[in-house]
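Please read it alongside the sequence and the structure.

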Amino acid sequence: MIQYMPASVRGTTSRMKTYLSVYYLIQFCGHSWIFTNMTARLLFFGKDSFADTFYTIGLVMQVCQLLSVLEILHVVFGIEQQSILPKFLQVTERLVILFVVISSQEEVQSKCIICALFFLWNLWDVIRYPYHLLSAVGIDYPVLTWLHHTLWIPVYPLSLVAEVYTVYESLPYFETLGTFCYKMALPIAVSIHFPYILKVYEVFLPAGMLYTCSHLLSERKCYLKQRHAKLKVK
């Protein structure tokens, strides 16, 4: 006996697919613009383009990263079926690096490592977002799927190295300027020295990367297993 999906359920599913398609399309357009802009500037201006990378694309990067918070909410509200912790780690580590470390220190924004970091972030995003866009509408493009499950292997660890080095480069400026350092007059005097917090964060970044990589590796194994099964059937 054939069971038909209620019209209300079909309508909700259709709206969710439309919403996800629009979201991933916006993210893809944003990150594609960043990646294309950085590549063009590097080809035309060479090393001179490193110094003003943040001033050129920083605003668009900030908008895209703020929008990525919605990806956590997608999982929380069941719009997408993914593991919450890896997604949370991926999103929050970028937000901390971009808004707390880079945006708050103008001296850091002109360093070459920022160009390398943004390039690595967007190199994966220009593959990741179109993959999710096609998945939202039920389309499987084999080459794109393979890239999505493979490109992170070199890119994600390199991104971690760039993030750790960015934090390291920012420490002298936080020490000198005292940014985010506070003294609170509680019953016991408490002082918050932000560089110490950043040093602890540097230690936790590799731990978060290892957990995320293990999750991505398990996804890749499932993908390769399914791919092998399909090829075997053919």
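A crossing is left-handed if the near helix is turned anticlockwise from the far one by less than a right angle, and right-handed if clockwise. The model is predicted, with local features requiring pLDDT of at least 70, side-chain atom pairs pLDDT 80 or more, and totals for chains, interfaces and linings using all residues. Residues are numbered from 1 along each chain as its sequence is written, and side-chain values use heavy atoms, without hydrogens and water.

**Helix pair α2 and α4**
- Helices (DSSP runs of H or I, at least four residues) are numbered from the N terminus.
- The axes of α2 (residues 53-67) and α4 (residues 84-102) come within 11 Å and cross at roughly 135°; axes are lines fitted to C-alpha atoms over the stretch in contact, with angles from 0 to 180 degrees between N-to-C directions.
- α2 is therefore oblique to α4 (roughly parallel is under 35 degrees, roughly antiparallel over 145, roughly perpendicular 65 to 115, and oblique the rest).
- The crossing of α2 and α4 is left-handed.
- From α2, Phe-54, Met-61, Gln-62, Gln-65 and Leu-66 meet Arg-94, Leu-95, Leu-98, Phe-99 and Ile-102 of α4.

**Nonpolar cores**
- A nonpolar core joins buried (under 20% relative accessible area, 1.4 Å probe, protein chains only) Ala, Val, Leu, Ile, Met, Phe, Trp, Tyr and Cys residues through side-chain atoms within 4.5 Å.
- The largest core has 39 residues, and among those touching the most other members are Ile-97, Trp-121 and Leu-198.
- α6 (112-136) gives the largest share of this core, 11 residues.
- A second, separate core of six residues includes Leu-20, Tyr-23, Leu-133 and Ala-136.

Note on methods
Helix = DSSP H or I, 4+ residues; strand = E, 2+ residues; numbered from the N terminus. Contact = heavy atoms within 4.5 Å. Buried < 20%, exposed > 50% of the residue type's maximum accessible area, 1.4 Å probe, protein only.
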